[in-house]
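I opened this entry to keep a record of what I looked up in the model, topic by topic.

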Amino acid sequence: MKLNLLSCDAQRPDKRAIALCIAEISNHNSLLSNELTNILLEGDAVDINVDDKNSATALRALRKLNIDYEIIE
């Protein structure tokens, strides 16, 4: 499944938690997930791929972090 992460609506977003979440659900390394987190928090959208077997867990984790997303595929 392909997700487009749109924005983070948390009042005080936890960069570390967001980067760990992105790394876990998309199988990116920590350096890339940190970069994607910075891009997301600056206000730009980020595309990631998620395994279909982990999709429900991934969506739940993103909602918990107040990250708005849209499902592309």
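Entry on α2. The model is a predicted one, and I started by asking what the buried residues of α2 pack against. The buried residues in α2 are Ser 33, Leu 36, Thr 37 and Leu 40, and they sit on the same side of α2 because they cover an arc of only 105° around the axis.

I then checked the length of α2: the helix has twelve residues, and the distance from its first C-alpha to its last is 16 Å, close to the 16 Å expected at 1.5 Å a residue. At the N-terminal end of α2 I noted a cap by Asn 29, with a side-chain oxygen 3.3 Å from the backbone nitrogen of Leu 31. Just after α2, I read a positive phi of about 110° for Gly 43.

Entry on the core. I next looked up the largest nonpolar core, which has 18 residues. Those with the most contacts inside this core are Leu 5, Ile 18, Ile 25, Ile 48, Leu 62 and Ile 67. The elements that give two or more residues to the core are β1 (2–8), α1 (15–26), α2 (30–41), β2 (46–49) and α3 (55–64), and the largest share, four residues, comes from α1. I followed Ile 67 in detail and, leaving out residues up to four places away in sequence, listed its contacts as Leu 5, Ser 7, Cys 8, Ile 18, Leu 40 and Leu 62. Leu 40, which is among these contacts, is also one of the buried residues of α2.

Entry on the cysteines. How many disulfides does the structure hold? I counted zero. Cys 21 is accordingly in no disulfide. I also looked up their accessibility: Cys 8 counts as buried at 16% relative accessibility, and Cys 21 counts as buried at 8%.

Entry on the loops. Asn 27 has a phi near 60°; its place is in the loop between α1 and α2, and at 60% relative accessibility Asn 27 counts as exposed. Asn 66 also has a positive phi, of about 60°, although it is not a glycine. I located Asn 66 in the loop between α3 and β3, where its relative accessible area of 38% makes it partly exposed.

Entry on Ser 55. Is Ser 55 buried or exposed? I placed this residue in helix α3 and found that it counts as buried because its relative accessibility is 15%, under the 20% limit. Leaving aside neighbours within four places in sequence, I noted that Ser 55 is in contact with Met 1 and Val 50.

Key. Residues are numbered from 1 along each chain as its sequence is written. This is a predicted model: local features need pLDDT of at least 70, side-chain atom pairs count only at pLDDT 80 or more; totals for chains, interfaces and linings use all residues. Side-chain values use heavy atoms; hydrogens and water are left out. A nonpolar core is a set of buried Ala, Val, Leu, Ile, Met, Phe, Trp, Tyr and Cys residues joined through side-chain atoms within 4.5 Å. Buried means under 20% relative accessible area, exposed over 50%, partly exposed in between (1.4 Å probe, protein chains only). Contact means heavy atoms within 4.5 Å. A disulfide is a pair of cysteine sulfur atoms within 2.5 Å. The expected span of a helix is 1.5 Å times one less than its number of residues. The arc is that of the directions from the helix axis to the C-beta atoms. A polar contact is a pair of N or O atoms within 3.5 Å; within protein, one must be able to donate a hydrogen and the other to accept it, and residues adjacent in sequence count only if both atoms are side-chain atoms.
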